[in-house]
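This report describes the pockets of one protein model. Please look at the sequence and structure first.

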Amino acid sequence: MGKAVTIMFTNQKGGVGKTSTCLGLAEAFRYLGKKVLLVDCDPQANTTSSFQVDTDGIATLYDLIVNREPIENCIISRDGIDLLPGDKVLKSQEDMIGPEKITRLQHELKKVKDQYDYILIDTNPGTGFCVKASYAAADGAIIPMNFEKYAIDGLADVMRTMESFRDLNEDFKLYGVLINKLDMRMADQRMADKQFQQLDGKVFHVFRTKIRTDQTIPKAQTRDESIFEDYKGSKAQQDFLSLAEEFEEDIKNG
């Protein structure tokens with residue numbers, strides 16, 4: 001195990017599946033025997049909720065950033081995956097956190113990078129403090145997107161944001177665009193996917209793997225279940241495992 005690859009999941013548009021992608025890929029890496037840390041940097045704290053974590057009385061991301069709590073006091077373990085819990089207090093406090101704290105997450109993650117293979121950061125839409133802190137801390141980004149209306153506009157927005165935040169992390173890279181919630185029964189989505197794949201290597205990398213529409217994803221989230229434990233053989237499990245293997249191949253090949 002070397003230093004972890006730190007990936008943030010970002011898109012200016014909501015509803016594209018950032019959290020479900022982050023969770024699914026974390027499970028896939030764990031399935032492959034990798035050590036994973038999830039960082040819930042979304043003030044909604046949905047990743048934390050999916051692990052049924054009650055943040056009352058425990059140290060969270062908010063404590064790490066605002067109260068300078070050491071990261072080792074904030075990480076908890078659930079089902080073979082480590083979690084740096086989010087905190088919904090960030091929803092009301094995010095705009096009041098000073099810019100001098102933007103690199104606080106980056107600083108603390110450096111202390112544990114050699115303990116993990118992958119660190120995955122879930123983020124919220126927008127360009128607020130939490131997103132900036134994630135850009136500063138991550139090695140690069142995966143952009144989940146779907147073919148719903150205005151999705152391409154959202155992709156253009158996140159590309160512009162990425163460039164505008166370059167001063168926070170000059171080595172930041174785009175690992176690729178992930179097509180999510182793909183319904184191959186729809187002719188327009190099949191056509192859009194074919195056209196989009198032609199952009200691979202020209203504008204940005206487009207992952208070969210797509211996350212197909214599968215009701216087991218929202219079902220697992222609602223029931224606090226695992227795609228890899230409770231829905232073995234599902235399209236979701238197949239797709240996230242394929243994505244994890246493809247990402248590992250990309251990293252290996254540089």
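## Basis

The model is predicted: local features need pLDDT of at least 70, side-chain atom pairs count only at pLDDT 80 or more, and totals for chains, interfaces and linings use all residues. Residues are numbered from 1 along each chain as its sequence is written, and side-chain values use heavy atoms, with hydrogens and water left out.

A pocket is an open set of points on a 1 Å grid over the protein atoms alone, where a 1.4 Å probe fits and protein lies on both sides within 12 Å along at least five of seven lines; lining residues have an atom within 4 Å of a point. Grid points are joined across faces, edges and corners, and a volume is the space filled by probe spheres set on the points.

## Largest pocket

The largest pocket holds about 450 Å³ of space. It is lined by 26 residues, and those closest to its centre are Gly17, Lys18, Ser20, Lys181 and Gln221.

Elements that each give at least two lining residues include α1 (18-31), β7 (173-182) and α9 (216-222) (helices, H or I, at least four residues; strands, E, at least two; both DSSP runs numbered from the N terminus). The largest share, four residues, comes from α1.

## Second largest pocket

About 370 Å³ of space lies in the second largest pocket. Its lining has 21 residues, with Glu27, Ser50, Phe51, Glu225 and Ser226 nearest the centre.

Here α1, α9 and α10 (227-230) each supply at least two lining residues, and α1 gives the most, six residues.
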